[in-house]
Structure formats: structure tokens, C-alpha cells
Amino acid sequence: MRRLWRWFLVLFVWRAAGESDEDGGERPPRIVPEGPPSPRAEVVVVALLALAALSAIGFIVVYALDRLPYQTQYLGLTLGGAFAFLAAALIVTAHHLVVTEELEDEYGTAQPEAAAQVAQVVSESGSRLRRRRLLAAAAAVATTAIGLAAVVPAASLGPIYDLNRFTRTPWRRGRRLVDQHGRPIPAAAIHTQELFTAFPEHADPEEISAPIVLLRLEPDQLHLPQGRSGWAVDGIVAYSKICTHAGCAISLYRTPLFPPVDEPPGLVCPCHYSTFDPQTGGTVVYGPAGRPLPQLPLMVDRRGHLRAAGNYSGPVGPSWWGVRNREVSS
Amino acid sequence: MIERTTTTLEERSHTAPFGLKALRYLFPDHWSFLLGEIALYCFIVLVATGTYLALFFDPSTAQTVYHGSYAPLDGAHMSQAYRSTVHLSLDVKAGLLIRQTHHWAADVFVAAIALHLMRIVFTGAFRKPRELTYYIGLSILGLALLEGFLGYSLVDDLLSGMGLAIAYGVALSIPFIGANFAALVWGGPFPGSAAFWSRMYVAHVFLLPILIGTLIALHLFLVSSLHHTQFRGGRRTEKRLIGVPSFPGQAPRSLGLMFAVFAALFLLGGLVQINPIWIWGPYHVADSTNGAQPDWYLGWLIGALRLMPGFDVTIAGRTVIPNPFWGGVLFPSIVFGALFAWPALERRLTRDRHPHNLIDRPRDAPNRTGIATAILCWVFIIFMAGSADRAYVLLGWSYQTQIEVYRVLVFVGPVVAWWLARRICVELLSNERVEARRQAAELEAEQAAGRG
Amino acid sequence: MSRRALLAAAVVVVLLLAANSLAAGGTSGTGGRRVPLLQRGAALYAANCSQCHGPTGEGKTRPGPASGVNNVAGIGPSLRGVGARTADFYLSTGYMPLQNPYDQPRRSRVLFSDRDVKALVAYVASFSPGPPIPQPDPASGSVSQGMRLFTQNCAGCHQIATAGGYLPDSVAPPLEADSARQIAEAVRIGPNLMPKFSTSLLPDGDLNSVIAYVQYARSPDDRGGWPLAHVGPVPEGLVAWFVAGVVLVGVTLTVGRRIA
């Protein structure tokens with residue numbers, strides 16, 4: 001080992017001597033000043049680097065093990081640790097093993113002469129042009145048109161003009177309600193103070209106009225808007241499950257056990273707490289929603305199962321330009 | 001040996017003069033100049049870990065039924081996107097570490113940019129000739145917010161699915177064209193076409209990283225071309241730049257910080273759970289959970305959405321401004337608009353069109369500091385309003401009362417903050433002046449005593 | 001004494017003892033233990049519950065004069081027909097008795113002893129026939145089925161990881177302290193503002209699965225590390241700023257020291 005070290009030293013000195021010999025014995029003046037050695041810092045840095053290496057090897061070992069509990073934690077500790085030791089080594093180097101010079105330099109300034117020359121080159125290049133304005137206008141028109149042509153295929157990304165899909169719903173008169181397993185829902189199965197989620201039969205449940213909430217209220221507590229008196233079946237009402245504020249699912253049902261002290265019934269959205277009153281046709285009673293919850297008219301078929309008696313009272317989901325002026329369609 | 005390498009390289013590239021300039025480029029020595037670097041190193045981690053994740057993720061909304069190793073999800077219907085992320089997290093060795101590190105890096109990336117931006121604004125480093133650098137930095141911030149949102153929405157878990165629905169509601173709320181715009185981006189009404197997921201994926205792994213990377217490169221180029229600013233003091237002037245050369249002085253410092261950032265992110269990635277999507281479950285249009293929040297850098301928007309009273313602006317029966325517009329579109333536009341307009345506004349109000357290489361301490365510009373503090377306070381109050389529901393659950397403060405209080409604080413708070421910040425700056429400055437005068441008087445007295 | 005007299009005395013003593021034990025047996029036999037329990041329940045009810053729920057559990061919609069242990073003059077729903085199930089839930093969680101009928105009942109320290117709770121439950125159940133205390137069996141349920149049902153029916157208020165939530169204007173409490181029996185009771189009763197879930201909406205097998213999931217969610221698979229209470233991005237953001245942010249700014253302070 002010592003012999004190897006000695007050979008290395010000889011090689012180094014010979015090379016160094018050789019370099020200085022090439023310059024004829026003259027060394028160029030130092031750019032980076034010399035600094036005092038710091039043997040303790042060197043030891044610390046070597047130790048930190050060794051720890052970094054060990055940590056990294058530890059990572060590889062932990063990775064190789066199967067079914068190790070807390071494996072993610074060990075992986076993070078070893079890899080993070082390796083980086084941390086490396087960082088520490090570098091910071092010690094910065095403070096103790098390199099010379100931290102404080103040098104001066106000059107800020108550059110803007111060079112308006114160069115900018116003027118650039119402008120000059122551009123303007124002088126137009127010496128052969130007579131109808132400058134016309135050419136510029138023609139170039140502008142051509143560029144704009146080509147740019148437009150390049151951008152136009154983006155319109156294929158979506159049905160940018162066909163907003164009918166925003167008002168189309170899978171509900172229509174006679175469509176049966178089903179639960180999440182696809183089973184029809186008997187009206188007798190809906191009790192007061194319960195929240196049912198239902199979907200249209202044979203339709204995609206992942207459209208926002210599909211899911212509805214079903215509740216049974218006391219018929220004498222219902223004060224539905226004009227024209228909706230037949231929309232409830234024995235006190236059972238249905239509303240869209242999608243909040244008209246920003247589109248989250250309304251999965252909270254506040255229902256009083258003891259009305260003299262408890263809040264009245266309310267359908268609440270967990271995103272921004274818009275609260276809708278199911279007794280008055282889904283009107284907003286709290287929160288930032290600006291539009292009442294669309295109601296679905298219900299009827300019962302001969303087997304006692306609930307069916308839709310028509311489409312919603314309005315478009316489903318968050319508000320947009322035409323939301324109050326368009327009819328829902330099936 | 002080193003010289004042989006550099007000579008070889010120079011003969012084949014003619015870049016040695018540039019290399020020398022780069023090696024001896026001077027950095028200011030104050031710690032606050034390193035905040036932007038933290039963001040840069042987070043970006044490196046994001047790209048590296050993100051590449052790994054993209055090798056496993058399946059950006060598909062095709063439905064499947066889970067029968068993997070996590071029992072509570074057995075039999076659940078989910079998209080391939082969600083399933084592939086659950087698989088990566090729970091069945092791929094080191095998969096969870098890389099995924100969590102990636103998510104932590106995103107959170108810290110935006111936090112570092114925010115800190116760096118605060119340093120820039122509070123010291124006036126955006127002034128001529130650095131306005132362009134500043135605009136590019138602001139653009140990086142905006143893109144980072146979008147990139148982060150897309151990243152965690154790609155996973156299609158219950159929380160991020162709700163967030164996407166809200167984003168859809170916000171898009172719809174743009175006056176007149178909102179529905180057309182949303183139809184374009186989503187490929188139809190929510191939840192959109194299958195292509196929407198491909199769009200999010202391509203935007204997140206390709207388009208935005210390239211854009212952000214290019215802007216970062218431009219930003220760094222401009223910073224070095226104009227040179228860093230520096231604080232006053234010592235022999236530093238508008239003309240004379242004093243600093244530490246990048247080699248050998250600054251390099252181990254910056255590299256040390258880089259590895260410290262890597263260490264912090266990987267340690268968090270292994271030790272602190274983030275976004276445990278297997279606990280949230282997959283997203284379905286008819287499902288939601290209480291207490292859902294966006295990642296922290298979008299919390300200011302949920303606060304704004306919750307604070308607004310409930311009304312759509314309708315004119316002649318037409319829905320002109322749906323409610324989410326105020327909190328989701330106007331509020332961030334005002335904040336970013338104010339930030340973008342700041343250099344020009346300050347130039348006009350202070351009538352100062354000179355280039356500045358020296359920056360102010362916050363106290364040296366009481367008006368700027370006051371206004372910046374006020375804006376920060378405004379955003380922060382709205383941000384806090386977004387947590388009012390958890391405050392109710394934890395501390396019992398009535399939610400409705402909190403909202404009312406926040407609605408008042410939103411106006412009062414920034415005014416108080418502006419006044420207070422200005423006052424503190426003015427006081428500190430006058431204290432310094434008094435102290436300087438006292439020291440000068442003492443010196444004179446000593447000299448007089450010495451003469452006498 | 002003569003032998004006959006002794007025998008007669010013995011018979012009388014035995015007869016007296018038998019009569020005594022018969023009389024005592026009326027109160028200490030299995031059928032007879034009920035009487036003191038109900039009496040105990042009645043006494044407790046009169047002292048703690050009748051001010052709001054009426055002397056015979058008929059409920060009150062208008063407050064009468066203040067009375068009872070805590071001097072309460074309140075209103076309260078009728079307890080007729082609610083059965084042992086409701087009484088057991090409200091009493092074993094400490095929701096009842098409630099000082100102010102307008103407050104939202106919260107889980108609190110149960111001030112009654114177990115025996116007192118049993119007595120009250122028996123007494124309330126005696127008003128009219130009502131549902132008995134349920135006997136759920138979460139071990140027979142499926143955690144995965146429970147997670148799906150919990151997401152669809154419960155997470156909107158109680159949060160997907162059972163950390164509790166808000167709805168105007170009350171708290172849906174976190175579920176870590178509830179026993180399987182209490183969860184089953186709450187689901188069927190729908191206490192306070194909570195909706196109820198009858199067997200048509202949630203059959204007993206599904207309820208067992210939901211309870212199994214709630215029990216699992218108390219310590220779910222947290223192999224990613226410190227779970228931050230399973231609340232989500234809010235504590236995550238706090239960690240990003242106050243752990244990573246503080247540490248890294250600290251590193252810049254170390255690295256970027258001014259040169260002397």
C-alpha cells in the first residue's frame with residue numbers, strides 16, 4: 001500500500017514539475033489566492049462523505065429487501081440521509097476548505113449605441129423597399145391568417161358551439177330510478193329522515209345530470225314552487241345531487257330530529273357549504289350558490305317503484321351564460 | 001491533468017472565455033439571495049421523480065375493478081389512472097417514496113417561489129433593468145400553480161376529483177364564454193371526454209415542464225446577464241459589484257444547498273405521508289367527502305369561493321356572472337394583475353426611471369413595504385377563511401360567525417397591515433438616523449477632547 | 001319445653017323464614033330484580049330528564065318551570081316508542097342529559113354509573129315498545145364493502161377517514177371513540193341533525209361492513225409515514241412551510257453567511 005502511494009506521489013511531482021518546465025520555469029500569477037490548510041475540516045469532510053456513502057449503500061440494501069416493514073421510511077431516511085451528509089460535507093468545504101474571496105466587478109450598463117446599430121441594420125436593410133406600409137400590412141395579414149389557420153384545429157378539442165349537451169340529461173318521463181346496484185326503488189322503501197342516492201336506469205351514472213337525491217318529507221311541510229305541486233309523490237321529492245355552485249356532489253343531509261330546536265331540513269354541499277331547502281323546491285338558504293337545486297318530478301308505477309315524471313326543473317350543475325334560458329332535454 | 005481536460009474542451013468548443021467568466025461570476029453573499037435557488041432545486045427533483053412516475057402511471061379513465069393488494073379497495077370501481085397510482089404506491093418498491101417526494105417537492109417548490117417573490121418585492125429588485133426578469137418569474141409562479149393542480153388531479157382520487165369539478169365550475173363562470181371554454185377544454189360537459197385525461201397528462205408531463213424549464217433558463221440567463229442586485233453597505237455601489245465568485249467560493253455553497261433541498265424532500269417523502277390516495281378512495285361524480293381541500297397553494301381560492309355571498313349576476317334574465325367567478329377568476333386575476341403591474345406602477349408613482357442595482361431593505365421603502373404587506377395580508381386572510389370548517393370541528397368556533405368575521409377582516413385587515421408595516425419602517429429608519437447622529441456627535445466630542 | 005312444642009316452634013320458624021324468603025324472592029328473583037331497576041330509573045328520570053322530556057316521556061314543546069338536578073326548564077322530543085336503542089345511545093355517549101336544549105349534544109363524560117344507565121334505559125324503554133339495543137357483528141362485515149358504503153352515505157359529513165366534519169350549523173363528530181354498538185345505534189336513530197339509515201337503505205349485513213370500515217379507519221394503512229391526522233392538504237401545507245421551509249431557510253442562513 002505504501003509503495004503504491006509513493007509511486008503515485010512520484011508521478012504527481014513529475015507531472016507538476018513537467019508542467020512548470022514547459023513554461024520555462026515561470027508560473028503564471030495566481031488567480032485564486034492561497035488559503036491556509038484546515039486538516040480538521042478535511043477529516044470532517046471525509047467522515048461526512050463516508051457517511052453519505054454508507055447511507056447510500058444502506059438505501060440499496062433496504063431496497064433489495066422484500067417485505068420490510070416501514071420500508072418507505074427506511075428508504076427515505078437512507079437516501080435523504082445520503083444527500084444530507086453530502087450537503088453537510090459541501091457546506092463544511094465552503095466554510096473551511098476553499099478560499100471565499102470577496103471580489104469586485106463592474107455592473108454592465110445598457111449599450112444604446114449597440115441597440116442603435118441593431119436598429120440601423122434593420123432599417124437600412126429596407127433600402128430597396130418603396131411601398132413599405134403596403135408590404136408591412138400584407139405581411140401582417142398573411143401572418144395573422146396563417147396563425148389563425150394554425151390555431152383553428154384546436155376547436156376540435158371540444159364541442160365549442162354545441163352547448164345542447166349541457167342541457168341534455170338522461171331523465172325523461174317514465175325512466176325508472178335505480179340504486180347504485182341497478183335495483184329499482186319502491187316508494188315505500190323511502191322513509192323520512194333518510195337520504196337516498198338514485199340514478200336513471202340504463203344510463204351512465206358518471207354524468208353530472210345522472211345522480212339524484214331522494215327524500216321523504218311531511219306533505220304538509222312541502223311548499224314547492226308554482227306548477228310543481230304534482231312533482232312530489234306522497235312527500236317524496238327528488239333533486240339533482242350536483243351543487244349549482246361549482247359542481248361537487250351534495251352528500252350532506254341535515255334533518256332535524258326535534259324541529260323546535262334543530263335546524264330545518266337542508267341539503268348541504270361539503271365543498272363551500274351551500275345549503276338548499278328541499279321543502280321549498282331547492283332554494284338556496286346559505287352559502288355561495290346562486291341558483292336553486294334542480295328538482296326532478298316523480299311518479300309511482302304500477303309495481304310501486306319510483307319513476308321520473310319528466311325532466312329537471314332546470315339545467316344541472318354550475319351556472320353558466322345560458323343556464324337560466326335553456327330548457328333541459330332528454 | 002485538469003489543464004489537459006480544459007484545453008481539449010476548448011479546442012473543440014471555443015468556450016473557455018465564457019467558462020472563465022462563468023467561474024468567476026460574482027454572487028452577492030446575503031442568504032436571502034438563495035431562496036430562488038431552493039425553487040430551482042425543487043424543480044430538478046420534480047423533473048427527476050416525475051420522469052420515474054410517468055414510467056408507471058396510466059393516464060386512462062377506462063374503468064376497472066380493483067383486485068390488488070390493498071384489501072379495503074377490493075371490488076371498488078375506479079379508473080386506470082387511479083389504479084395505476086395505487087399500484088405504484090403500494091406494490092412497487094420505492095414507488096411510494098418517489099411519489100411522495102414528488103408531491104412534497106411540488107408543495108415546497110411553490111412555497112420557495114413565494115418566499116423568493118416576497119424577497120424581490122420587499123427589496124425592490126424588480127425595478128429597472130430587471131422588470132423582464134420579474135415578469136418571467138411571475139409567469140413561472142402562475143404556471144407552477146397550474147402544473148401542481150394538474151399533477152394531483154391526474155390521480156383521480158376522491159379529493160382531487162372534487163377539485164376538478166370545482167375547476168370546471170370556475171371555468172363555466174367566465175362571463176359569456178365560460179361554457180364554450182369549458183366544453184373546449186373538457187371535451188364536453190363534466191366529467192368530460194376520455195381525451196380530457198390525455199390532455200391533462202400531456203400538459204403536465206410535457207407542455208408545462210418544457211414551458212417552465214424554458215422560462216427558468218431565460219430567468220437565470222437574464223439574472224446573470226444583468227448580474228445580481230446587492231444590498232447597500234460597505235463598498236457596494238450602483239456601479240461596483242462585490243461578491244463571491246462562483247468558483248471556488250460559491251459552488252460548494254450552492255451545491256450544498258442543492259443537496260440539502262434533495263435531502264429535505266426525500267426525508268419528507270419517506271417519513272411524512274402525503275396524499276394517501278388509497279385512504280381517500282377513487283372519485284365518482286355522485287361522491288364527495290367533508291373537509292376536502294386543494295393543495296396549499298390553491299387554498300386562497302377555496303377561501304375566496306367560500307366567502308362570497310350567494311348570488312349569480314343576471315341581467316335581463318341572462319346569467320352574466322355566475323358566483324364562482326369572483327373567487328375563482330377575479331380574485332387571482334387581481335392579485336396577479338397587481339403583481340405584474342407593480343414595476344410600472346411604482347415607476348409612475350415614484351417617478352423613478354433610473355436603473356437600480358442596489359436594492360432596499362424593506363424599511364428603506366415604507367410605502368412599498370406597506371402596500372406589499374397589505375396585499376399579502378389580504379391574500380392570507382382569504383386563505384385562512386378556507387379553513388374555517390376545520391376550525392369549527394377542532395376548536396368549536398361557529399362557522400357562520402367565522403365567515404362573517406372574515407368578511408369584515410378582509411377589508412379591515414389589509415388597511416391595518418399597511419399602516420402597521422409603514423409605521424414600523426418609519427420608526428426603524430428614524431431610530432437609525434437618531435443613532436447615526438448620536439454616534440457622529442460622540443465622535444466629534446472625542447475628537448474635540450483629543451484636540452483640547 | 002315439650003318435644004311437640006319445640007317441633008311446632010321449629011315449623012313456625014321455618015314457615016316464617018320461607019314466607020320471608022318468598023317475599024324477598026319477589027324482589028330478588030330474576031323477575032323481581034326489574035322492579036328496583038325501573039324504580040331506580042324512574043327516580044333518575046324524574047331528576048334528570050323529565051324537565052325536558054315530560055314526566056311520562058311524552059315530550060315538551062313549551063318549557064315549564066325549572067326543576068330537577070340542574071334546574072333546567074326545557075323542551076324535548078317525546079321518548080315514547082324510541083326504545084332501549086335510543087336511550088342507550090344518548091346516555092352511553094354522554095349526549096344526554098343536556099343542560100341547554102338548544103345546544104348541540106356532544107360526546108361528553110358520562111356522569112351516570114353503568115347501573116344507572118341501565119336503569120334509565122330500562123325505564124325509557126318501558127314507556128312504549130320500541131327497538132332494542134342492536135347487536136352488530138363487524139367481524140362478519142367486509143371492510144372493502146364498508147369503505148364503499150361509507151363513502152356513499154357517511155363521508156359527506158364525517159369525512160372519508162372518519163375525522164369528522166362540518167355542516168351548517170353543527171359538527172358531525174369524528175368516530176374514533178364510538179363502539180360498534182353506538183355506531184349501529186346512531187345509524188339507525190339518526191340523532192340530532194344526522195339522517196337515519198333504516199334496514200331498507202342499509203341492511204344489517206351492510207351496517208356490519210360500515211362498522212368494520214370505521215374500526216379500520218382508526219388506524220388505516222399509513223405506510224407513507226406520519227399520517228397528519230388523515231385530514232389532507234391543510235396539514236401537508238403546514239409541514240411544507242414550517243418544516244421544509246424553516247429547515248431550508250435555515251440552510252441558506254448557514255450557507256449565505258456574510259464574510260467577516
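Modeller: Contact means heavy atoms within 4.5 Å. By that rule, 61 residues of chain B and 54 residues of chain C take part in the contact between these two chains. This is a predicted model, in which local features need pLDDT of at least 70 and side-chain atom pairs count only at pLDDT 80 or more, while totals for chains, interfaces and linings use all residues. Residues are numbered from 1 along each chain as its sequence is written, chains are lettered from A and ligands numbered from 1 in the order in which they are written, and side-chain values use heavy atoms, with hydrogens and water left out.

Colleague: What is the area buried between chain B and chain C?

Modeller: Buried area is the accessible area (1.4 Å probe) that two parts lose on being put together, summed over both. For chain B and chain C the value is about 4800 Å², and carbon and sulfur atoms give 65% of it. B:Q273, B:N290 and B:Y392 supply 14% of the area that chain B buries against chain C, more than any other three residues.

Colleague: How many salt bridges and how many polar contacts are counted between chain B and chain C?

Modeller: A salt bridge is a side-chain nitrogen of Lys or Arg within 4 Å of a carboxyl oxygen of Asp or Glu. Between chain B and chain C the count is zero salt bridges. A polar contact is a pair of N or O atoms within 3.5 Å; within protein, one must be able to donate a hydrogen and the other to accept it, and residues adjacent in sequence count only if both atoms are side-chain atoms. Here 19 residue pairs are in polar contact, both residues being at pLDDT 80 or more.

Colleague: How does the contact of chain B with chain A read in the same terms?

Modeller: This contact takes 87 residues from chain B and 78 residues from chain A. The two chains bury about 6900 Å² between them, 63% of it on carbon and sulfur atoms. Five salt bridges are found across this interface. B:R240 forms a salt bridge with A:E104, where the closest N and O atoms are 3.7 Å apart.

Colleague: Which strands of chain A and chain B pair?

Modeller: Strands (E, at least two residues) are DSSP runs, as are helices (H or I, at least four), and both are numbered from the N terminus. Two strands pair if DSSP finds at least two bridges between them. Strand 1 (residues 103-106) of chain A pairs with strand 5 (residues 240-245) of chain B in the antiparallel sense, over four bridges. A:E106 stands opposite B:R240 in strand 5 of chain B. The open sheet has three strands in the order 1(A)-5(B)-1(B), with antiparallel pairing. Its edge strands are strand 1 of chain A and strand 1 (26-27) of chain B, each pairing on one side only. Within chain B, two bridges join strand 1 to strand 5, and B:L26 stands opposite B:P245.

Colleague: Why is strand 3 of chain A largely enclosed by the rest of the structure?

Modeller: Buried means under 20% relative accessible area, exposed over 50%, and partly exposed in between (1.4 Å probe, protein chains only). Strand 3 (residues 196-200) of chain A is largely enclosed because five of its five residues are buried. A:F196, A:A198 and A:P200 cover one side, with A:T197 and A:F199 on the other. Three bridges join strand 3 of chain A to strand 4 (residues 212-216) of chain A, the two running antiparallel, and A:A198 stands opposite A:I212 in strand 4.
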